[in-house]
Each structure stands twice: as structure tokens, then as C-alpha cells.
Amino acid sequence: MGGTEGPGKERAVNLAVGAITFVWLGMVLAISFLEAPVKFRAPGITVPLGLGIGRLVFRALNVVEVVLLVGIGVALLLGPRSATVGWTTAAVALVLVLQLAAVRPALNARTRRVLAGDPHTGSRAHLVYIALELLKIAGLVVLGLAAYAVV
């Protein structure tokens, strides 16, 4: 970016990035670590029903995550940013891409098998997804704090 941007524009960009980041973080925590495990404890919820609900909820979450990532990207294109904000955004984006392109297809295939009546079996893909969620959460915390640190 050129030298004509003032501190007001940088502040606005960082406030936007921080706000979007912490909304995203809250959604991931609420869905991945609250809704997902709790739904299987509800009366009458079978594994196939829970998986069917989870598939819909995570598909919606992933769409919102992509929209929020695009929002952060647009904000970063509009004004100056610190190197930490730029690199952390890239790292969070990479984790999301890995989840969507590499892990979600395996989870979706397993869900289809269970819904088709195959016996419920464990899945290493779930462990990989959880590990990536933890990395994404760490990245979102660093990103949000880094954005607000320069405000």
C-alpha cells in the first residue's frame, strides 16, 4: 500500500479484521466444541440422525467461514496491515482449505455410509478435523489479538 493511507484507515481495517475474526472464533467454538458433542446426548438422537444434523450444521458453518475469510481478505486489501496479521490470515486460510478440501470429503463419505446403514465405525478423519480446528482456533486468537494490537 502507498504512503497516503492515514492511521484512521489502518485503525478501521484492523478493527474490522479483529471483529470479523472474533465472530468467526465464536462460531467455531460454539459449533465444533459445544453443538457437535452435545447433540448426541439429546434424547432420541441416534448416530445417523446426529450425523445428518451435523453434516448440515458444518456445511452451513463452512459457508459462513468462507464468507468471513473473504471479508477479512477484502478488509486487508483496503488498507495497511501488519505482517503478523497478513501471515496469520494466510495460515488460517490454509487450515480452512485443508479442512474443506482434504478432510470434509472423507467425513462426508463416512456420513453417507452410516446413513446408508453401514455400521458405525471410528474415523481418523474426525481426529484430523479436530486437530485442524484447534490450529484454526489458535490462529484466529492470534489474528484477532494482532489486529487489535495495532489499533
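Reply: Buried means under 20% relative accessible area, exposed means over 50%, and partly exposed lies in between, with a 1.4 Å probe and protein chains only. By that scale Phe22, with a relative accessible area of 29%, is partly exposed. The model is predicted: local features need pLDDT of at least 70 and side-chain atom pairs pLDDT 80 or more, while totals for chains, interfaces and linings use all residues. Residues are numbered from 1 along each chain as its sequence is written, and side-chain values use heavy atoms, leaving out hydrogens and water.

Me: What makes the pair of Phe22 and Tyr148 stacked?

Reply: Rings of Phe, Tyr and Trp (its six-membered ring) pair if their centres lie within 6.5 Å; planes under 30 degrees apart count as stacked, over 60 as edge-to-face and the rest as tilted. The ring centres of Phe22 and Tyr148 are 5.7 Å apart and the planes stand at 20°, so the pair is stacked. Phe22 belongs to helix H1 and Tyr148 to helix H4, so the pair ties together parts that are 126 residues apart in sequence. Helices here are DSSP runs of H or I with at least four residues, strands are runs of E with at least two, and both are numbered from the N terminus. Tyr148, at 34% relative accessibility, counts as partly exposed.

Me: Why is the pair of Phe58 and Tyr129 called edge-to-face?

Reply: The angle between the planes is 85° and the distance from centre to centre is 5.9 Å, which makes the aromatic pair edge-to-face. Phe58 lies in helix H2 and Tyr129 in helix H4, so parts that are 71 residues apart in sequence are tied together. Both Phe58 and Tyr129 are buried.

Me: How do you know that Lys136 and Glu65 meet in a salt bridge?

Reply: A salt bridge is a side-chain nitrogen of Lys or Arg within 4 Å of a carboxyl oxygen of Asp or Glu. For Lys136 and Glu65 the N to O distance is 2.4 Å. Lys136 is buried, with a relative accessible area of 0%, and Glu65 is buried as well, also with a value of 0%. Glu133 forms a salt bridge with Lys136, with the closest N and O atoms 2.7 Å apart. Glu133 and Lys136 are three residues apart in helix H4, so about one helical turn separates them. At 1% relative accessibility, Glu133 counts as buried. Salt bridges that share partners join Glu65, Glu133 and Lys136 into one network.

Me: What makes a set of residues a nonpolar core?

Reply: The term covers buried Ala, Val, Leu, Ile, Met, Phe, Trp, Tyr and Cys residues joined through side-chain atoms within 4.5 Å. The largest such core has 19 residues; Val17, Trp24, Ile72, Leu76, Val85 and Leu140 touch the most other members. Helices H1 (7-39), H2 (47-78), H3 (83-115) and H4 (124-149) each give two or more residues to this core. Apart from it lies another core, of 10 residues, including Ile31, Phe58, Leu107 and Ala125.
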